Structures are given as structure tokens and as C-alpha cells.
Amino acid sequence: MAKLTLVFFLSFLIFSSSIAFQSDELLVDDDEFGLEGAKPRSTDLYTSSSSPQQQQQQSPTIRRRYSDPTDLDSKVQFTLEHAFGDSDFSPAGTFSARLKTWSHGGKTLTKLRFSRNDFSAEEKDAFKNLLKGDDFYRIRLPSNVVSPPGREFVVASVRARCLPRDGLDEHFIIHMEGANILAVSYGSPGACQYPRQFKLPAKWSFNSHTILKSSEQAPRTPIFTEEILGSENAEGEVEPPPERSFWAKYWMYLIPLGLVVMNAVTQASNMAEEPTGGQAGGAQVQQPARRR
Amino acid sequence: MAIRVFLLLLLFLSSAIVSFSLYEDQAGLADWHQRYIGKVKHAVFHTQKTGRKRVIVSTEENVVASLDLRHGEIFWRHVLGTKDAIDGVGIALGKYVITLSSEGSTLRAWNLPDGQMVWETALSSAHHSKSLLSVPINLKVDKDYPITVFGGGYLHAVSAIDGEVLWEKDFTAEGFEVQRVLQPLGSTVIYVLGFVNLSEAVVYQIDSKIGEVVAQKSMVFPGGFSGEISSVSSDKVVVLDSKKSILVTIGFIDGDISFQKTPVSDLVENSGNAEILSPLLSNMLAVKVNKRTIFVKVGGEGKLEVVDSLSDETAMSDSLPVADDQEAFASVHHEGSKIHLMVKLVNELDNVLLRETIQMDQHRGRVHKVFMNNYIRTDRSNGFRALIVMEDHSLLLLQQGAIVWSREEGLASVTDVTTAELPVEKDGVSVAKVEHTLFEWLKGHVLKLKGSLLLASPEDVVAIQELRVKSSGKNKLTRDHNGFRKLILALTRAGKLFALHTGDGRIVWSMLLKSQACERPNGISLYQWQVPHHHAMDKNPSVLVVGRCGSDSSAPGVLSFVDVYTGKKITSSDIGHSVVQVLPLPFTDSTEQRLHLIADTVGHVHLYPKTSEALSIFQREFQNIYWYTVGADDGIIRGHVMKSSCSGETADEYCFTTRELWTVVFPSESEKIISTLTRKPNEVVHTQAKVNTDQDLLYKYVSRNLLFVATVSPKGAGEIGSVTPEESSLVVYLIDTITGRILHRLSHQGCQGPVHAVFSENWVVYHYFNLRAHKYEVTVVEIYDQSRAENKNVWKLILGKHNLTAPITSYSRPEVFTKSQSYFFAQSVKTIAVTSTAKGITSKQLLIGTIGDQILALDKRFVDPRRTLNPSQAEKEEGIIPLTDSLPIIPQSYVTHSHRVEGLKGIVTAPSKLESTTHVFAYGVDLFYTRLAPSKTYDSLTDDFSYALLLITIVALVAAIYITWALSEKKELSEKWR
């Protein structure tokens, strides 16, 4: 088992080393990409107004971002708009972030902050109507954060009854490609029970969780050169089959053999009385074999 | 444990080594292959040498072929690439077939008897333009007149012997477009007539030996030409002016140009726009005015006069010289269910040389093209035969008042395929008498026994083969127990629906789409409309054929409902709105008609069938019906939900408005959608869980609402190799189509399309090109559900404290993870499909349509993302193959064995009733069908299983038991007496 893990670890090393090499080549500021040597993860950036756990998890990465300010950064703001059912869109909150421009021309958003406006009285009524009708609560974001709204708005919707818990829990996953927003996934942070029950929220304030996601890089297809195979072999005796007892290996042969022997023994004892019963004995020996 | 290991290993070995290859004598038992050529564009008859009479044809499927005039069989054929459209075909030197393709940039010569390529010449071409091939008709074989080719602004003279370019003239600067090339016999000067900017006629006299311009004359025509041209004699052409109201005769005798204008209104009263028809008639031209065809005779001085007029639905051939310097042409017109073929002399239209009436199948439509050929009858008079192309693209040869042969060339352009069951055998009808007598039955089995004991002589082998085909009863028109006999319904581009029998591929019935609104609707797609299996058992199953009047997507749609058993149209309706998308819903009404939604261009959806019952079913599920649209041009995917009935706008209660729920906007500067794919809606997934090696469970994320999208950088959308790896990247997405959530997103740097993908259960396999590695790659993505991962505890399952039966809603935040792995693949791919079986238990195979037009079956186990370099013992037991960097191509696993499905476009799989077996149907220019058993036929005995051998063995054993028993009794007795 230890050998096995070693092999896994080795192969993992091979993978990861080749991957690390790749990110080195592609990106100038390598240290921006989170954990070095790890599988290139999507550069998820969590901001959360009420989820300290997540923030703690991600804080090292964020800290690193903070410690690396560049002159090319610029601040951007874009608004979240919402609509109740078929109503028109109206502003509902503001995202502010820092736009980092890379020397090779790429742009990424960092330090995303979100401030959510509370519902006004009319909006509360509109939302209650949505809850009653099990209708859609819709939000939209500009598709380009530098020059909003860009080409088109990115729209997402959720059944309004999915949102209320204690407060109104919402969860954004914003898929980015440079300064462009591809899509936004919007919904409750956890499950949404079906059938959806009509339930008013206890308090009319939003709990917002936001994740920025950019594209994951596909790992390179491993190329098994002589070298790698050689090193594998040099490791020697790769994984001998786990040793099993003699009985475990050959029981299926041993049992019939034992039966045959037992039969033969009883026959032999019979034969002692009847010396000419040889042929019959032979026939009897076949019996267990036939029965199987 | 050990025995399990042993069994598993045995299973693994047996499936891995023996694989799925076929024995030589099994070829053709379950599979069939049909060869087609497509709708014929040009036909050149070759009758110079007596003996084998053949016709050379080129088709819209870019096929050049030589057909037997007696039987319609293909002597040879070549399928050129999809972008290599044939512009012209001719015969040079009496032995070479010359084809000009790719807008006049490729010239090829094929040897006439056997179709070997003799030479190929790439010609320079500056821009897209009409192309022209002029092959000199020389009777002296030894003298080499050059072939003149115009295309892309260049005029080339090419030697017919070896394809060498003798000279070329660059006309790109002048914008000169060659219309006609004239080569007077015995002269070295050729006349080249063309237009500059469609307003100036220019004639060049060029020395055909060296390509030098001897003389040049030009003349401006003030009105401008429309480009339609017909050459009426060796020194005259007739063109239409830009307003299509004046016929201009251009004479260029000895290089002098003269115009003669004749307004069409002088010829016909109240004339509208005129159109010059393509047939070339000597000293005459055919013009279509006011929906009638008029024949206009061109006099010596370019004077035009009308000599005859015919109804619009007449097809004509080019004229052909017959005896005594006279020319004849053929015309075909319809009258009821008959067609009339007439051959007339051009000079005397009243003199009908041949008049034949032939009964014609209604489902072939109208005659599109006629090619005429003459021959000398036994009584030394002139005989004529005509090759006609019908509206359904079929090709027929008419001779002596009969259809000599016909080819269903519509099947070369199949657009959609579905399968249907055959009728159940009626009680009264006994199972076809295959085994007549006991003697025959015994004889058959003895033959089989001989075959299996390798004792059979070659004649016996043939007899066995015949017997097998016969005894399988595979050609019967009734349902069989195993579900091997089925109908394949294929819709063709011409709008004809064919039902093919899986047993031998014969056409059971065919039907041409019709509509009141338009002449001939195009077929778009096919859907299962009614499949009775629980209720309405007395009804025949039916399919829905969606068609469209015109090629534009906003054109009104036509729905036809066709009875599968009889091939008769039940009803057909002009629905009055356009068809953008057809969504089969997972609901059926009491007669098992499936509910369908049809989306139009306005953004409304329409419910079919239009019954109140369907409406009530639909209203019940109104809240839960979602759909999406993919805008490939603007790079936006939109999700929609039903909003309300559009009663405010129209009175139609089956019409509904929708509203937008979500959008995914791909940045136009960096991503362009090149491929989208969903799972097959009728796919069966046997198990939702996958057991890992360490006795761990993984739950498959099996959702019907997943959409696979692949995008590339706009630069990388072109040909492979047109960009550097830095400029191109490929991004793939898995998107939930209810909420628009992106569940998986992976970018491949330095990769390029085209992407061919297949989506089944919880995995996607896609094929693309890796520019860095200079190889094709295949990537697999498997998506697993984590929200149900805690349901591993047996106690939880027993006590019911699991969430396995809880309804799944897309509005819950999905907890999924993906596994993916990439492999190199040595071949480029045309299409990928996956086998599908009745219950989904049988392991799956990928069916890869390779660039060589063959189908490769690759076990899904090879594209398992859990493959590692050194699988542990436990993993090996599970059947995990050690990781290799490329996927193996095992020659035995080509399911098409020795055949090629030329011009392969798609592969369709359908389950049979037997779980182990799946139907595979591949279409392109050719059709191919076979049955596959991805894990061998573990649930049935093979056809060649020898029951006689089994019987004989049993009898022999019983006899042996009795004999030995008697012997031992006897011996015992004698022992006792001793």
C-alpha cells in the first residue's frame, strides 16, 4: 500500500511539475497564481459579507494579492440590477473591484466588494408578490466591467421562493474572462427544496456570497517519454502483487482435490474387502466432479 | 475474493483481447452497405468506343462517377472533399475524364476505364469567380489541343496529356470574366469572349500554342449585362441585359463584335422578367418568361423570333448532333402520373423523332434535368435514351418507353434519421416457413456442424452462408423477438422520407413531402410523434416531419404526420409560422401522441398537437417548461421560460409567449461558439452510482438539462494551422439549461477546432487539435454529484434517511465535481457517436467516424479519466487500463470492416430489444448499417451456434451411460459367478 501511494505521489509529481512549468511559461507574474506547484486552479476569489469561514479559507490568497499592488491597477464599479417578474430592471447594489492589467495585456478583477441595497417598501411588496406567485426574481450585470454594459447584459434568475431563509440568502458566481463577465450563476447558497413552500423571510436583509471564477487551465496531455518511463523503472520492483497465502491462491483447486482424495480413500477401504471394485470406484470419483 | 478476481480478469481479458472483431464469413450477415453518388449535375456520355457503354456524371455531393448505362451500376467513383465542388466535367483525348473543381483552381484527369487519377494540376486563382472548363472536341486522338480553363481571374491552357500548364493569362487587373471560349477546328487561334464589369464585351484572339494575344476588340454595352448567357452557335451568344428585359445577341465573327438588341416584349406580350434557361440548343435558345418556356430562334443576322412555347414544367436537354447536320434535343413534361419524353429536331420543331409516355411514381416529383444520348438501333435508325434527374434527386434511364434502371440518389444527402418498430406479427400468419422439412433442417445443421468442425468445402461454405441469411429471417416485415428488425427512417435534403429495412437495407416505402403553401418544402428534421406501447395499441406509430417552404429560417413551416407502417401521410398542415426549434416534451396524451413545442422567429412557441387534452397536460406543467436558444452568430446563449398565452396578440390558444431567464454572453473578441451538444433525450442510464476501487461510491450527475458548449478564439475558427498556438485557445463549458449555471469550464491553450463531441450519461468526450503538440487530442470530462455523496451508509439506506428519492431541482446550488483527462488521437475525425442499448447496462463504445470514412469502435474504458500510469491490483480488477498518452487504434475494431462510408456525415445508434446489441446506422454519400454488441452477445447464443452438435453430444452421452451401465452390470454378474 505504501508503495502504491509512493507511485501515486510520483506520478502526481510528474503531473504537477509539468503543470508548473506550463504556468511559468504563460504568465509573467507567476506568484499571482495562488499556490505554487499545485494543480492550476481556477482563480476563485471569494468575497462574502457574512461567511467568515470562507473568507478565512481564502485569506492567504487574498493577502498575497493585497501585498502585491501594481501601478496598472484601476478601480472599477458596476451595478447589479434586479427585476421582479416582468418588471423593469432597477439598481440593486454595487460591485467594486480593482482591475489589474497584466503586462501581456490580460486583465483580471481582484478585491471584489459588494454592497447590496436593502429593499425599499415597494420592492418588498413586489417581492412578496413574487413569493406568492412562485415567480422569478431576476438580476443582471453588465457583460463588460470596463465599459458597462458592454455588448449585452448578463441575466440570471431564480424562483423567488428559493431565497428566503432567516434573511434573504443569495449566492453569486461570476464567471469572468478578462474584463468581461460571461455569465452569473445566481441562487440560494444551499439547496432549494422542491416543492417550494411559501415562506416570508424573517428579516429583509441580504446575506450575499460572491465568487469570482475565471477559466481553469486544462492540464497538458502527458507525454510519456523514455525518460519518465526510465525513472519509473529505476524505482524498481513497481508494485509486486500483494502476497496472499497458499490457501487463498489455490483453494479452488484444493477443495476438489481433497474431495477426490477422500473418495479415493473410502474406495480403497471398500476395495480392501472387494478387491475387484476398481472400475466402480473410478466412476464414483467422477461423481463430485460432475456435480460441480 | 480470489475467484472474483479470477472471473474479473477472465472477463477483462476476454473482452480486451478478442475485442469486437468479426470473422470473415460473418461480414455481410448483419451489415449492409449501399453506394450512392448524389444528385447529378453534369452527365457526359461516352459512346465512342463500342463495348461497355458508360456515362460520366458529376454530382452535388462532389462525386465524379462512371455508371453502367445498362444497369446503372457504379464502375468507379471518386468522392472529392466537401469544399471541392465540381464545376465542370468533360472527356479529353477519348480516354481521360477531366474535372474542374474548387472554383476553377483544381483540374484533374481520370482514366476513363478504371478511374485512376492520371494527373492533377493546381491552377492559380486570385479570387472567387465563376469558372469555365472548355475541353476541345477533337476526333484525332494523337493531336493535343490544350484544355482551356478560366477561374479566379486567370485563363489557363493545360495539356490534356500530362496536365502541364502551357500558358496562363492574368486577367485579374482588367476584371475580365471569361464567358465563352471558342476553338475553331484546325485553327491555332482561340476566341475568348468575356465581360468587363458586366458592361463591356471583350473578345481576345489568343494563339493557343503560346498564349499570346493576337488581337483584342472591345465594345461597351450601355445597359450592362445580367450575366445570364447562352451560346447559340459557334460565333454568337445571347445575353440578358441588367434589367432582364432585353435579349442581346453578341456576334464575334473573326474578332469583330456586334450587338443586336431585341426587347423581350417584342417576342412575348406583357412580358415580365425573362430568364435564360441552361440548355444549349444550336441556333436557338430557351427563355423563361411569364412562367412559360419559349423557344427563340436566332437568325443569321442575330434576328430573334419565337418558334414555340411550352408550359413551365418542361425540362430540356442540350441539343445533340444527329445525322445530316441536324441537331435534336429532348424535352420531358408531366401529365398526371405519366411523363412524356419527346425528342425533336431543333430546326423543325414539328418533326418529333421520338415520343414516349412512361408511367412515373408520384413520389419522385417533377423532372429536374434531362441528359440525352443517341445510339444506332439494330435497324440502323437513330435511337435515343435519356438520363433524367427527378425532384427527389433520383436518377433514371429511359429507353424504348421504359425505365431501364433507377437509382435513389436522394439517399446520398440524408439530413435526419430516426428508427421505428415494424408491425407485430398477426396471429393468423405463421412464422415464415424457413425450415420446411425435418430433412432440410437436419441437412442445414449437418452443414453448420461441418462448418464449425472446419470440414466444409468451399461449396458448403457458400451454402452455409446462404442458409444463415435465409434462416435468420432478417428480411421479414414484422417485429422480431430480439428487436433486430427495424425500420430506419431517413429524411433527405430533397424532402423525401425513406423507410429502410435493417435486414437488407431495401426501401420499404418512400414519400415525398408536399404542401399546399409551396411547391416543395425542404425537410428539416424528424421526430417520433406517436409510439403506442401502453395505450392506443390499435394505432400505428407515426413520425412528425418538419419541413419549411424555402431556405430562409423565417419561411413558414410545414408539418407532416406519416404512418410508419404504411408510409402514408396521415395529415399535413401548413402551420403559418416559421420553425426555428422543435422541442419534444416528455409528455404524451392518451393516444400516446408526444407533445411538441415549436418555436418561431418572433419568440412565440406553439404547442402541438392542437387538442384540448394536450393543452390541459401542457397547462399542468406550464411552470416547469424551459428552453434555450444558442445564437452562434452573436455568441449569446439565452434561457427562456413560458410566460403566458399569446391570446392578447392572436386568437390562437396554442400559442405562448416566453421570457428570458438567463443569458451567457461570450466576449466577441475572444470566444466564438463552434459546437453545442446535449444528451440524447431518450437515453437510458442504468445506474446512477459508480463503484470505485476502494468500495467507494460516486454518484453520476445525470441531468437532462446539460448543454456542452465549445468556443474558440475568433482567429482560431479557421483552418487548422492558420494561427499560432499563442493566438488560439479552446474553452469548453457544461451549462445547466434551466438556470444558466456554468458547471464546468476548462480552457485548452493553444488548441483549435473543429470540435467533435459526444455526450452520454454524465460524460462528454470531445476531439480537437492541439497546436503545440501538432496532434489531435481527445478529452473526456465526467461530472459527478457530490450532494448525494453521503448516501453511502447502508443503515441510512435501510432506515430511509437518505436523499436519493428527494426531488432534484436545478435551483439548488449544484455540488458537482468533474474529472477529466486528455489523450492524443492519431486521426482526424468527422463525427463521434456512442452506442446505446435498451437498458444501458452494456458497456459503451465510442463510434468514431474517421477521416478515412470508416467507423472505429473504441471502448469507453480507454477514455476513462481514472486511468493512471500504474493502476493498482484493485483498479486492474475493475478494468482500468494503464494510462497511455494516446488512444489505441486497433485495426480489427473498425465496424465498417472493408467498407468505406464515403462522405460520412453522421452516425445514429438505436437500441434493440436485446440488451447486448445496438443498431448502428451511418450515412453520408453512402449508407452503412450494422449491429454491434459492445460487450459481446452475452445474453443470446450466436446465429452459428450448432444445436445439432449439442443434441448429438447429449445423445452420445446418454448412449455412453447406458452402454457403460450395461457393461458394468455384465461384468459385475460375471464377477459374482466367479
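**Figure 1. Contact surface of chain A and chain B.** In this predicted model, 62 residues of chain A are in contact with 56 residues of chain B, contact being heavy atoms within 4.5 Å. The two chains bury about 5,000 Å² between them, 52% of it on carbon and sulfur atoms; buried area is the accessible area (1.4 Å probe) that two parts lose on being put together, summed over both. Four salt bridges are counted between chain A and chain B (a side-chain nitrogen of Lys or Arg within 4 Å of a carboxyl oxygen of Asp or Glu). E152(A) and R638(B) meet through their side chains in a salt bridge at 3.2 Å, N to O.

This is a predicted model, in which local features need pLDDT of at least 70 and side-chain atom pairs count only at pLDDT 80 or more, while totals for chains, interfaces and linings use all residues. Residues are numbered from 1 along each chain as its sequence is written, chains are lettered from A in the order in which they are written, and side-chain values use heavy atoms, with hydrogens and water left out.

**Figure 2. The largest nonpolar core.** This core has 59 residues, and those with the most contacts inside it are F127(A), Y137(A), I174(A) and I637(B). A nonpolar core is a set of buried Ala, Val, Leu, Ile, Met, Phe, Trp, Tyr and Cys residues joined through side-chain atoms within 4.5 Å; buried means under 20% relative accessible area, exposed over 50%, partly exposed in between (1.4 Å probe, protein chains only). Strand β8 (residues 180-187) of chain A gives the most to this core, with five residues; strands (E, at least two residues) are DSSP runs, numbered from the N terminus.

**Figure 3. Surroundings of V546(B).** V546(B) lies in strand β40 (residues 542-548) of chain B and is buried, with a relative accessible area of 0%. S525(B) is 21 residues from V546(B) in sequence and 5.4 Å from it in space, C-alpha to C-alpha. Not counting residues up to four places away in sequence, residues touched by V546(B) include I524(B), Y527(B), V558(B) and L559(B).

**Figure 4. Salt bridge of E408(B) and R364(B).** The two side chains meet at 3.0 Å, N to O. The pair links distant parts of the chain, 44 residues apart. E408(B) counts as buried at 14% relative accessibility, and R364(B) counts as buried at 10%. R364(B), D392(B), E408(B) and K496(B) are linked in a network of salt bridges.

Key:
Helices (H or I, at least four residues) and strands (E, at least two) are DSSP runs, numbered from the N terminus.
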